Amino acid sequence: MISTVVNRLEEGIIALLLAAMTSLTFVNVIMRYVFNSGLTWALEITEFLFAWLILFGMSYGVKVGSHIGVDALVRLFPNSVQRVIGLIVVAAGILYSSWLIIGGWELVSFNHMLEMEAEDSPVMLWIVYLIMPVGAGLLAFRLAQVGWRIITGKQVGFNLADEAREAIDQLAHAGSAGGAANADDDKSAPASTPKS
């Protein structure tokens, strides 16, 4: 239940952030090059949105297994050792998330106390920095889910993106599709009649 709510919330916010960044940049480019004006605060807001996207994306990357890492050595070990290594990685990630939560909360509290605004836009900086503890909390939640899956035996280790395997699979798929297309071309080509 909680996982489903977090999934929907995460995906919705990421989509909203991407749409807002794209729209704001598009409008600002049109205003600058067509109307010879622009939004002075657009670049700063886009930077804030991008920072939010990155920090939301950390936890989403853990969820979908898109973080890049080197696990060639880890894969040489038996599954039991891979599980232990996976739990060590998860524990290190949760420790890192905890530091981000604590440091982020201190930054939010400090800026809330000072009531500072951003330089070009009327946005309170504590609202901008709120993403640090929130994003780190989501990351810790996703890492805890991975740890639980490793403990319960549903997952061997920490899932990482395997770009080399994906590239090989794409080449194999393209090759088989190309071979099938060539075979179809051969079937559909009219039979040539020999000249006498």
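This report walks through the helices, the core, the salt bridges and one surface patch of a predicted model.

## Ground rules

In this predicted model, local features need pLDDT of at least 70 and side-chain atom pairs count only at pLDDT 80 or more, while totals for chains, interfaces and linings use all residues. Residues are numbered from 1 along each chain as its sequence is written, and side-chain values use heavy atoms, with hydrogens and water left out.

## The overall picture

Let's start with the layout. The chain has 6 helices and 0 strands, and its elements run α-α-α-α-α-α from the N terminus on. Here helices (H or I, at least four residues) and strands (E, at least two) are DSSP runs, numbered from the N terminus.

Of the chain's 196 residues, 27% count as buried. Buried means under 20% relative accessible area, exposed means over 50%, and partly exposed is in between (1.4 Å probe, protein chains only). Accessible areas come from the Shrake-Rupley method with a 1.4 Å probe; for residues, only the protein chains shown count as cover. Take the contacts (heavy atoms within 4.5 Å) between residues at least 6 apart in sequence: 73% of them join residues at least 24 apart.

## Inside the core

The largest nonpolar core has 26 residues, and F48 and F56 touch the most other members. The elements giving two or more residues to this core are α1, α2, α3 (79–114), α4 (125–129) and α5 (131–151). With 9 residues, α2 supplies the largest share. Such a core is a set of buried Ala, Val, Leu, Ile, Met, Phe, Trp, Tyr and Cys residues joined through side-chain atoms within 4.5 Å.

What does F56 contact, leaving aside its neighbours within four places in sequence? The list is E10, I13, I14, L17, I131, V134 and L138.

## Helix α3

The buried residues of α3 are Q82, G86, V90, G93, S97, L100, G104, V108 and N111. Their cover includes α2, α4 and α5. Just after α3, E115 takes a positive phi of about 55 degrees.

## Two salt bridges

The structure holds 2 salt bridges, each being a side-chain nitrogen of Lys or Arg within 4 Å of a carboxyl oxygen of Asp or Glu. One joins the side chains of E10 and R142 (2.7 Å, N to O). This pair links distant parts of the chain, with E10 in helix α1 and R142 in helix α5, 132 residues apart. E10 counts as buried because its relative accessibility is 1%, and R142 is buried too, at 2%.

K63 and E11 also meet through their side chains in a salt bridge (2.7 Å, N to O). K63 lies in helix α2 and E11 in helix α1, so this pair ties together parts 52 residues apart in sequence. K63 is partly exposed at 28% relative accessible area, and E11 is partly exposed at 33%.

## A nonpolar patch on the surface

F26, V27, V29, I30, Y33, V34 and F35 form a nonpolar surface patch, with about 750 Å² of accessible area together. Patches are made of residues with over 30% relative accessible area and no salt bridge; like charges are joined within 9 Å, and nonpolar side chains (Val, Leu, Ile, Met, Phe, Trp, Tyr) within 5 Å.

Is F35 buried or exposed? F35 counts as exposed because its relative accessibility is 58%. F35 lies in the loop between α1 (2–34) and α2 (42–64).
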